[in-house]
Amino acid sequence: MKRWRVASLTAAAVVSLVLSGCGGTGGGDGGGSGDGKGDLLVWVDNTRMPAAQQYKKAHPDQKMRIVTIPPDAGYVPTKISLANRTKRGWPDVVFLANPAEAATLASEKFGYAAPLDDLVPKSVRDGFTGGSLDTCTFGSKTYCLRNDIAPTVLWYDAKLMKRYGYQVPETWAEYQKTGLKAAEDHPGTIVGAVNGKYGAGIYFGSSGCPTRDTLSLTEVHIDLARPDCTRVADLLQPLARKKAVTTVVPIDPGFSKFGKDDKILMLPAPAWFGDFMFGPAFKVPKGRIAAAPMPTWPGESKSYAGQVGGGAFLVSSHAGGRTERAADLVRWMTTDVNLQAQQPTYPAFTAAAEKWGEAKSKDPYYASDPMPALTAAASALRPGFGAVRFEADWQTSFNDTFVKAVDSGGNLRSSLGGWQDKLEAAANTSEYTAR
């Protein structure tokens with residue numbers, strides 16, 4: 001069964017959300033829409049709600065209203081669009097479960113996100129993991145602070161590696177060789193997943209292929225003819241032919257069969273897979289999963305990580321007299337070491353990540369301490385992976401071209417031309433100039 005389609009927010013859904021006011025979980029006046037009066041209106045997801053309430057409790061002299069919003073793609077931009085129409089109801093602070101939406105909210109058309117360069121000291125911004133604020137930066141201005149990041153590592157089953165007599169690959173050539181051998185000797189074994197962001201963000205992102213390199217809020221660099229794109233196709237072509245990589249989405253319930261059947265030998269995947277996928281979803285027993293740095297690409301000696309996930313906080317340009325209070329909340333939410341050390345995913349703030357890793361190093365679920373690999377990946381995010389307004393199309397166009405070629409046994413190099421065309425069309429529709 002083919003599984004190369006992923007869900008995206010359709011135009012009809014957006015219209016429906018706008019007309020309905022998007023339900024009762026968000027919105028509201030928030031007080032004055034920029035006059036500096038009224039409550040500090042804060043939108044966060046369920047995971048961030050306790051921290052926001054903690055901040056409110058610590059500042060009893062400040063009026064503050066916290067609203068829970070869903071993490072659904074397109075929800076925040078749709079609500080902000082509604083606020084723009086009515087000229088009221090903008091949240092002073094908003095959490096994005098999808099950081100790519102910062103590109104939409106910072107655009108001239110939306111005019112929502114406020115630059116933070118003068119609101120958050122450079123000394124604080126410099127404390128974030130190198131490259132983590134790239135998705136927040138457009139035209140040298142920083143429009144958001146990252147709460148958490150999702151660098152990719154090479155997860156592997158240490159028990160299976162030992163049983164089969166394989167070595168953990170250090171290069172992509174070794175990864176390919178091991179994957180082909182595993183597919184031959186142990187049919188049904190996989191070493192990777194290629195679908196949507198789990199293919200484009202992991203393989204093409206770590207290789208540095210410019211599929212979404214934002215030059216500014218209006219310019220994006222896309223060039224899939226480059227060697228750092230074609231080498232990904234060449235890597236995956238024989239693995240796809242031997243079914244060593246799957247197009248089943250890792251978050252699809254059907255993917256769990258690979259784990260239950262001891263068929264996941266390796267899986268390049270984001271940091272959060274360690275806690276949230278291998279045990280709970282894939283049912284891999286404790287003491288088996290370990291992490292290694294991403295393999296190195298030909299001609300390079302450094303391992304680079306791709307990105308799949310993470311979140312970010314924005315401050316409203318409409319906050320008026322509440323702006324400094326909003327910025328202080330965002331700063332605290334993203335940089336308080338004790339707070340961040342307790343969160344479920346890899347903190348973007350370096351000092352918090354170190355504290356967070358102390359418990360992770362001792363977690364008995366893992367076959368060995370995963371933190372060396374996770375820390376190395378966090379500091380080796382491949383540049384050029386920007387936040388774009390065509391995030392959904394970026395994923396679906398990848399599935400409609402590259403992943404479709406994987407499923408059909410087609411030529412993966414040749415499919416890159418079709419992906420290029422679709423990306424350029426999506427960029428132009430989103431009011432970018434593609435270069």
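How many residues does helix α12 have, and how far does it reach from its first C-alpha to its last?

**Entry 1: helix α12.** I began here, keeping in mind that this is a predicted model. Helix α12 covers residues 323-335, which makes 13 residues. I found a reach of 18 Å from the first C-alpha to the last, close to the 18 Å expected at 1.5 Å a residue.

**Entry 2: the whole chain.** Next I stepped back for the overall picture. I noted 17 helices and 15 strands in the protein chain. The radius of gyration is 22 Å, close to the 22 Å that the globule rule gives for 435 residues, so the chain is as compact as a globular protein of that length. For anyone setting up a box, I wrote down that the C-alpha atoms fill one of roughly 70 × 45 × 40 Å, taken along the principal axes.

**Entry 3: inside and surface.** I checked burial too, and 57% of the 435 residues count as buried. The protein chain exposes about 17600 Å², and carbon and sulfur atoms supply 51% of that area. For contacts, I took those between residues at least 6 apart in sequence; 77% of them join residues at least 24 apart. I also looked at charge: there are 49 positive and 43 negative charges, and their mean positions are 5 Å apart.

**Entry 4: helix α3 and what follows.** Does the span of helix α3 agree or disagree with 1.5 Å a residue? Its 12 residues, 75-86, should span 16 Å, and I found the end C-alpha atoms 17 Å apart, which agrees. Buried in α3 are Tyr75, Val76, Pro77, Thr78, Lys79, Ile80, Ala83 and Asn84. Lys87 is not a glycine, yet its phi is positive, about 60°. Lys87 is exposed, with a relative accessible area of 58%.

Entry 5: I found Glu431 in the loop between α17 (412-429) and β15 (433-434). Glu431 has a relative accessible area of 52%; exposed means over 50%, so I put Glu431 down as exposed.

**Entry 6: Thr230.** Is Thr230 buried or exposed? Its relative accessibility is 14%, and the cut-off for buried is under 20%, so Thr230 counts as buried. Thr230 lies in helix α9 (residues 227-241). I left aside its neighbours within four places in sequence and listed what Thr230 is in contact with: Leu224, Ala225, Arg413 and Leu416.

**Entry 7: Lys404.** My last stop was helix α16 (residues 391-408), where Lys404 lies. At 41% relative accessibility, Lys404 counts as partly exposed. How far is Lys404 from Asn195, going by their C-alpha atoms? I got a separation of 9.6 Å, with the two residues 209 apart along the chain.

Conventions:
Residues are numbered from 1 along each chain as its sequence is written. This is a predicted model: local features need pLDDT of at least 70, side-chain atom pairs count only at pLDDT 80 or more; totals for chains, interfaces and linings use all residues. Side-chain values use heavy atoms; hydrogens and water are left out. Helices (H or I, at least four residues) and strands (E, at least two) are DSSP runs, numbered from the N terminus. The expected span of a helix is 1.5 Å times one less than its number of residues. The radius of gyration is taken over C-alpha atoms; the globule rule is 2.2 Å times the number of residues to the power 0.38. Buried means under 20% relative accessible area, exposed over 50%, partly exposed in between (1.4 Å probe, protein chains only). Contact means heavy atoms within 4.5 Å. Accessible areas come from the Shrake-Rupley method with a 1.4 Å probe; for residues, only the protein chains shown count as cover. Lys and Arg count as positive and Asp and Glu as negative; His and the chain ends are not counted. The place of a charge is taken as NZ of Lys, CZ of Arg, CG of Asp or CD of Glu.
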